[in-house]
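Subject: Structure handover

Hi,

Here is the structure I promised to pass on to you. Please have a look at it first, and then read my notes below.

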Amino acid sequence: MKYELQPTLPPPANTIGVIGWARKHLFNGPLNSIATLFLAWLAFTLLTPLFDWAFFSADWAGTTREDCTSGGACWVFVGQRIEQFLYGFYPREETWRLDLSFFLMLALILWLAIPKIPAKGIAAVLTLVVFPVVAFFLLTGGAFGLEAVDTHQWGGLSLTLVLAVVGMVASLPLGILLALGRRSEMPIVKSLSVVYIEVWRGVPLITVLFMASVMLPLFFPEGMSFDKLLRALIGITLFQTAYMAEVVRGGLQAIPKGQYEAADSLGLGYWQKMILIILPQALKMMIPGVVNTFIALFKDTSLVLIIGLFDLLAIVQAATNDPKWIGYATEGYVFVALVFWIFCFSMSRYSQYLEKRLQTGHGNRA
Amino acid sequence: MASDTNQNSSSPPSEPEHKIKFWNDPGKRALIFQVLLVLVLGGFVWFIVSNTLNNLEQRGITTGFDFLSQEAGFGIPLSLVEYTEASSYGRTFIVGLLNTVLVSVLGIIAATILGFILGVARLSDNWLISRLSALYIEIFRNIPLLLQIFFWYFAVLRALPSPRDSIEFLGSFLNIRGLSMPAPVTEPGFNLVWIALAVGIVGTFVMTKWAHKRQDATGKIFPVGWTSLGLIIGLPLLVFLLSGAPMTLDYPELRGFNFRGGMTIIPEFVALWLALTIYTAAFIAETVRGGILSVPHGQLEAASALGLPKTRTLRLIVIPQAMRVIIPPLTNQYLNLTKNSSLATAIGYPDLVSVFAGTTLNQTGQAIEVISMTMAVYLSLSVLTSIFMNWYNKRKSLIER
């Protein structure tokens, strides 16, 4: 008989480590085991040829389609056209202007997005007010010794970004105004806002773009003409404003009534109340929603190809019809998909992260 | 501005020396502001209308809806109602609308099934299942729909063989022009089957009511699911077989360069339907996942404390509560799918936007009438949806305490 305390036994070998994990997560029960094996087999048979096509037997180097001999993906096509895919028909010696605007924007967005960097207010003003002006002069040129570049030369990923960013920056203030209008106590203001929001949210973006490209020229006097890009931008902004207004309204509704009453009891007027008390709190809460609508807008910019603008998708689509590269449509689409996916996925991850950070722990999800 | 809030209409009117300046009275100021707003907007609308009328006159474009009765003169590859080149522009509107409805309804059905499977799979405790489902969701909802449509249409369906080298299976032919399948042709006696189906559906309703009543009274459970299956599918099938199978199949045949007879599913439809389904299913899956997660854990514990088995916990406790959260965003997804079906115009599936706001607009040049009719269709759809959603929310919130 041993009376002294014995060391604890290790847990059974099949409940810890890799085996334990697999038993718990993959093979708990006969049905689950069958499902696991079947799915593993399915994934294996589907993914191996895919990986083989995309990586192992793909052609990476070369200049013409004759260099694509191995039967896998022909990335030479994308490699040869990459400049056009990124910059469109922008003059090659001027593309540094696009790069510069892009990196300026990237820096500002990182400034805004990373919580540890201080002075968000300055960053917001720079992004929403200063940057658009700078980028406008950089991109269009015609001043400060920069060569003017006509908008029909714009294209590719840079055009996609221009459409999305302009749509966003223009729709944010308009959306805030509309959301305030929708919650206003003035009946005419309120009903006008509701009608605007519901009408634009009710129709597909394509019809809005059609409208902007066919009807807009009819709306203004003979001499006034808009170029194609501007018309698309107007359409996108009108459309996006309605969605933005709903996001802002959600943020405004999330502010407790006590905040409104406290502002009233301090004797603040409407605009003081909104600008000093309500909007700063609401804007913070609605950042995830804003990011989500931005993702939707970013994906939707691809529709401009229907009215004849050459955004990233349209320019790749045009390149796949080039007789020199016919038959490589899949490679082109995969490239576009990858670009869009990287942008959208990282933004959606950021919005999820923000949601978690802003969550103060009242939900019923454990 | 700051001092006017305590001097509104509720204060007694017997203080003449504190007369408020009219621009400091919130009520009057609101009135002035709104009048100004209406004036400015009215002016803007007048500016646009007068410009438009001017422009239309200068370009010699006729106005009005007379064009709807003119002959269209172009063919449409897919039509659910009778349509020839001699039909009117008004007819193109109907054809396009029906094609939009067709792809939307089929897309909604498929996306719902796929989305629910994926949403539940995302929550599976099997690691592989939930990871694969998450992979699907993250891939497909972050790629533009238009790109997905292009991929299916140009990269996949365009790679199919020509009609002469069709892939043949079960009397069907798959080629670059679409999928030609045998078409069922009904014979006179077939009406009996329809009647049987109607009887089956009515019978199911009656039976369900009766089963509920019996369970309330005696506590005995009747196998409702299997009986309804037998009534809705079994009964018509039985009638069909007993009446001597009054239906023949019309097989497609290769004549010249194309298939004649049977029915053909055009590749534009397949590409659009696939892309809409795959894209929307990813969003529906997230909705379903959120709905299921929103059911508090205590509900499950309460159910198992009552001794309910797992399937009935799911059917009686989890799903009804999850549905309350799922339905409103789900209707939104349905609406999105319907609106997104307008991307058909990019690959030439003859939907409302492609046929009416595309070809008809180009031929008649009556942009304003055509675009507003198209927008009105989508708008009324979305108004109907939001009416339904408000009704649903009201109904459901009554049950909640």
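**Where the chains meet**

Helix α14(A) packs against helix α4 (residues 145-156) of chain B at an angle of about 165 degrees, and their axes are 10 Å apart. Axes here are lines fitted to C-alpha atoms, for helices over the stretch in contact, and angles run from 0 to 180 degrees between N-to-C directions. Helices (H or I, at least four residues) and strands (E, at least two) are DSSP runs, numbered from the N terminus. That angle makes α14(A) roughly antiparallel to α4(B) (under 35 degrees counts as roughly parallel, over 145 as roughly antiparallel, 65 to 115 as roughly perpendicular and the rest as oblique).

Before going on, two notes on the source. This is a predicted model, in which local features need pLDDT of at least 70 and side-chain atom pairs count only at pLDDT 80 or more, while totals for chains, interfaces and linings use all residues. Residues are numbered from 1 along each chain as its sequence is written, with chains lettered from A and ligands numbered from 1 in the order in which they are written.

Back to that pair: the crossing of α14(A) and α4(B) is left-handed (the near helix is turned anticlockwise from the far one by less than a right angle; clockwise would be right-handed). On the α14(A) side the contact is made by Ala329(A), Thr330(A), Tyr333(A), Val336(A), Ala337(A) and Phe340(A), and on the α4(B) side by Leu147(B), Phe150(B), Phe151(B), Phe154(B) and Ala155(B). Two residues are in contact if their C-beta atoms, placed from the backbone, lie within 7 Å. By class, these residues are 10 nonpolar, 1 polar and no charged (Ala, Val, Leu, Ile, Met, Phe, Trp, Tyr, Cys and Pro count as nonpolar, Asp, Glu, Lys and Arg as charged, and the others, Gly among them, as polar).

Taking the two chains as a whole, 49 residues of chain A are in contact with 49 residues of chain B. α14(A) gives the most to the chain A side, with 10 residues. That side divides into 33 nonpolar, 12 polar and 4 charged residues.

**Helix α7 of chain A**

Ile188(A) is found in α7(A). Leaving aside neighbours within four places in sequence, Ile188(A) is in contact with Gln34(B), Leu37(B) and Val38(B). Ile188(A) counts as partly exposed because 17 C-beta neighbours lie inside 10 Å (20 or more other C-beta atoms within 10 Å is buried, 12 or fewer is exposed, and in between is partly exposed; C-beta atoms are placed from the backbone).

Within chain A, α6 (residues 156-182) and α7 (residues 187-202) pack at an angle of about 125 degrees, with axes 7 Å apart. This makes α6(A) oblique to α7(A). The contact of α6(A) with α7(A) has 6 nonpolar, 2 polar and 2 charged residues.

**Core and loop**

The largest nonpolar core has 137 residues, of which Leu209(A), Leu147(B), Ile149(B) and Leu272(B) touch the most other members. Such a core is a set of buried Ala, Val, Leu, Ile, Met, Phe, Trp, Tyr and Cys residues joined through C-beta atoms within 7 Å.

Gln70(B) is found in the loop between α1 (26-59) and α2 of chain B. With 13 other C-beta atoms within 10 Å, Gln70(B) is partly exposed. Gln70(B) touches Ser88(B) and Tyr89(B), not counting residues up to four places away in sequence.

Happy browsing!
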